[in-house]
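This briefing is meant for a reader who is meeting the structure for the first time. Please look over the sequence and the model below before reading the points that follow.

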Amino acid sequence: MSAPSRVYALSRSAAAEWLASIDTHRARRALESDLDFVADLHALEFPTTYATAHDLVHDPDLLTFVVEADGTPIGYASGHVTADGVGQLDHMAVAPDARGVGDGRVLLAATLTALFAEADLDELRLAVEEHRKPAIRFYEKHGFTRVQ
């Protein structure tokens, strides 16, 4: 049984200013060489999820990004645009020992920018489990508002 989740939304207009201010050069699309890293972090953060690391790296319908520090992956985020045109941030995780220094913000900015551009979206959504209080604060800090 999965934990209760909250659904959050972010409009393009609410995100525009902070997205434009972030240097995303350390974030890039995930590669085959990232598969082991993504698999390990994905298993740690989302052990009961529907998606596999293989899906995240190889599914052409998913936009999966990795953020690096000193050339080493330290986080990943993945999202997609649904068949009915809704942007969805599906998964995001930063390695525990790399949190709190701004890398999550870089990763979020790169992923959201790509998702907004993918289908000229006006809004993105995500679901976050209620017990993940630091994640909820992170998303709210970046303009997401609770819709459910």
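This is a predicted model: local features need pLDDT of at least 70, side-chain atom pairs count only at pLDDT 80 or more; totals for chains, interfaces and linings use all residues.

At 23% relative accessibility, R28 counts as partly exposed, and its side chain meets that of D34 in a salt bridge with 2.6 Å between N and O.

**Salt bridges**

- R132 forms a salt bridge with E129, with 3.1 Å between the closest N and O atoms, and E129 is partly exposed, having a relative accessible area of 22%.
- Salt bridges with shared partners bring E45, R99, E129 and R132 together into one network.

**Sheet and helices**

- Seven strands make up an open sheet with mixed pairing, arranged in the order β2-β3-β4-β5-β6-β1-β7.
- Because β2 (27-29) and β7 (145-146) stand at the edges and each has a single partner strand, one side of each is left without a neighbour in the sheet.
- Strands β1 (residues 5-11) and β6 (residues 123-129) run antiparallel and are joined by seven bridges, with V7 standing opposite A127 in β6.
- Helix α2 (residues 35-45) packs on the sheet, where it touches β3 (63-69), β4 (72-81) and β5 (87-94), and its direction makes about 75° with that of β4.
- Helix α5 (residues 133-141) lies across β1, β5 and β6, and it runs at about 160° to β6.

**A buried aspartate**

- D90 lies in strand β5 and is buried yet has no salt bridge, the nearest side chain of opposite charge being that of R29, 11 Å away.
- The side chain of D90 does make a polar contact with the side chain of H80, at 2.7 Å.
- Leaving aside residues up to four places away in sequence, D90 touches Y50, L62, S78, G79 and H80.

Key
Residues are numbered from 1 along each chain as its sequence is written. Side-chain values use heavy atoms; hydrogens and water are left out. Two strands pair if DSSP finds at least two bridges between them. Helices (H or I, at least four residues) and strands (E, at least two) are DSSP runs, numbered from the N terminus. Contact means heavy atoms within 4.5 Å. Axes are lines fitted to C-alpha atoms, for helices over the stretch in contact, and angles run from 0 to 180 degrees between N-to-C directions. Buried means under 20% relative accessible area, exposed over 50%, partly exposed in between (1.4 Å probe, protein chains only). Lys and Arg count as positive and Asp and Glu as negative; His and the chain ends are not counted. A salt bridge is a side-chain nitrogen of Lys or Arg within 4 Å of a carboxyl oxygen of Asp or Glu. A polar contact is a pair of N or O atoms within 3.5 Å; within protein, one must be able to donate a hydrogen and the other to accept it, and residues adjacent in sequence count only if both atoms are side-chain atoms.
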